[in-house]
Amino acid sequence: MKKILTGLFTAALIMSCNNTVTVENYDEKIDELYSKMSMEERLAQLQSRYMDDLFNENGELDTVACRKLIPNGIGHFSQYASQKPLDANTLRDRVAKVQNWLMRNTPNGIPALFHEEVLSGVNTLNATIYPQQIGQACSFNPELAELKTKQTGTAMRKMGGVLSLSPMVDVCRTPSFNRLEESYGEDAYLSAVMGTAFVKGLQQGELKKGVGACSKHYLGYGGGGDADEKELMEEILLPHETMIRLAGSKALMPGYHAVHGTNCVANEEILQDILRGYVGFDGMIVSDYTAIDQLPDMEDAVHKAAAAINGGNDVDFPTGSNYALLQEAMDQGLVKPETFERAVKNVLRYKFRAGLFDDNAYLYSNEDIVLDSKEERQTAYDIATQSIVLLENNGILPLKDKKNILLTGPNANSMWAMCGDYSFPAMSYFWKMAEVDSEHPHIVTLREGMQNAINSNHSTVTYSRGCDWTDEIETIFSKAGDERAWDYEILHRKVDTGETADPKEALALAEKSDVIIAAVGENVMLCGENRDRQGLRLPGKQEQFVESLIATGKPVVLVVFGGRAQVISSIADRCAAVIQAWYPGEEGGNAVADILFGKVSPSAKLSVSYPNTEVYEPICYNYSDKPDPRVAWPFGYGLSYTTFEYSDIKVDEAVKTSDESTVVTFTVKNTGKVEADEIAQLYLSPTDASQNIRPIQLQGFARVHLASGESKTVSIKLYTEQFGYYTNDGKRQWNIAPGTFTLKVGASSTDIRLQKTITLNGDHITKPLRDFYFSESSIHS
């Protein structure tokens, strides 16, 4: 029997569903240390620097620079592993030198927090590049999500990293959002499950040996901040809430945006009232890079610093230039001493929790550090195969008997088809304008992956690029997000692969082929933080190129790469098959090829509603139980190389509102000829319009592996609190109300195979917060 929490899957986490995450109380130690610190030392704890500022051209620690720049210590070092392409051991050695200098040469010897991005692996040279989050969400596999971040956290802690600025758990419902790729998609439940698994793996149960997670971009970045209170508190808040209450996340980053008219970094309502007062967060709040600089309608940096710290923000990233003026702000009466004290003590508390003051503090590893191990590459491959969604297939796939295959398109032979934003190559190329290669680590392109795959099936793959991503620069310049990218030179460029794109050559080869694989979509300059393009159709002339391939009469398999759904409705129904590959990471080429040739049956299900037209407003499957005409493929949808039959649903006819849970069981059978996984999804719907819940809402799922002809029984323990809803009648509370509900089991949000009603009887129960968030799944042979 396999037991998972759909959500999370260990006894420890089930216990934490009752909000029993415990931490050692360090208050006395913090008070004692704070009392010893000068004002200059205290101010330093709220600021950050770049580590490279302390090293000379020969890579040696410049102690003169240290005495000048950090004489009173420093709280943090910003993106320490990605500033230059350095070997992991060199990075570790630099961290060691800085930490040793701080502990020996500053008044109280306080170590620093070194932080880095870890969205798709450690953002550093040679580290494993896992699939981007939007794709990983389609796996519906929190076990792999946890394994990925456990590997990431282990590697980063060895290199001296203590804090990450990940994950992004914004519930993103606007298809055009340029940072959608960093999210887990449109559903709050799935985002919360995956985000909580991310934290659990990264932190490894305690901050003293793992790497701390940072929940971002709080609250409602990407469109959710405009939601009404019910949606904001029930759904947009949910991933942050579960990361904090279930997995012990102790750092949080507000977004660049405004909620109710106030920028999040200075928003007392969301940082003090909701986050600390309601959710119970007792950790450290850090600004997004340059977010304090961007506070509007402030006369100077002193007032910006005061607004941010008064609003609840503790730390000023990336360099602390505003918080360096907090003494002046206090002198002017803009900031109270107790507010300043709160911020400094929150930083110190985090450092105590991370074990930085322990006698045996784990500041870095002394071992030889080797990144991108065989095990890490295997995890990257496994996630990729489970992230790639088969949208259409007329029977052409898998490619069992096709001898002459043409591979073409701008993403056919490019590392940029594989690397999402916040991977080291993408960050280096975009932010540093640096030249990058595909060998640190080795990134498998689709062309290489297909060549690997055909070695065993006697097919021939011919390649011609055919067309470029764009002929002209399409990246839009705008002042949004991190102001470091408000630079025309950074944004006004396009990726040059060094290859010639000859459409005539590609079409001539197409005429001689049995099937055409067209790899299209976006790249690092067309999607991501601070960059966007006009429209959601395929960039440049890619759509016209695919039209010309279709016109040859040869079957076309369209493989779409990128960070969001792209509007392909005008060509999709004339393609023999359509695959959404997202940014599938360093093993993406092998993963896509193995799906094309049938070594792996696709199993991923969409984590977004995939539009058939340009949509620039929030859409979500749970807004209505009726199909949205703007959606080509619904949330939870994805095809397989086999078929599945659902049967025999069983559930209690009635339970009490005071009962803890009920159990839903059903059977899934593989009725085809191919071994494969099915992701069975459990949705909750009201039976009456007066019930205060969404028309349909995911409340559980199970990934079921089935051999041909095999059946398995799925049991899902559904907590009565999952039938509940949020209200605020002067007091925020969670409600479990009596009523009759419909439980729906399906292969997607619109492909419902089984359903049963269940009645909750008893009193209307209210409580401040939920104790249980996620259902638990068991699979029985």
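Guide: The buried residues of H15 are Glu-376, Arg-377, Thr-379, Ala-380, Tyr-381, Ile-383, Ala-384, Thr-385, Gln-386 and Ser-387. Buried here means under 20% relative accessible area, while exposed means over 50% and partly exposed is in between (1.4 Å probe, protein chains only). Keep in mind that this is a predicted model, where local features need pLDDT of at least 70, side-chain atom pairs count only at pLDDT 80 or more, and totals for chains, interfaces and linings use all residues. Residues are numbered from 1 along each chain as its sequence is written, and side-chain values use heavy atoms, with hydrogens and water left out.

So how much of H15 is hidden? 10 of its 14 residues are buried, so H15 is largely enclosed by the rest of the structure. The covering around those buried residues includes helices H6 (133-137), H7 (142-158) and H22 (588-596), along with strands E11 (389-393), E16 (577-582) and E23 (697-706). Those labels come from DSSP runs numbered from the N terminus: helices are H or I with at least four residues, strands are E with at least two.

Now for its length. H15 covers residues 374-387 and reaches 20 Å from its first C-alpha to its last, close to the 20 Å expected at 1.5 Å a residue. That expected span is 1.5 Å times one less than the number of residues.

For contrast, here's a buried spot in a loop. Gly-222 lies between strand E6 (215-218) and helix H9 (229-236), and Gly-222 is buried, with a relative accessible area of 14%.

How values were computed. Contact = heavy atoms within 4.5 Å.
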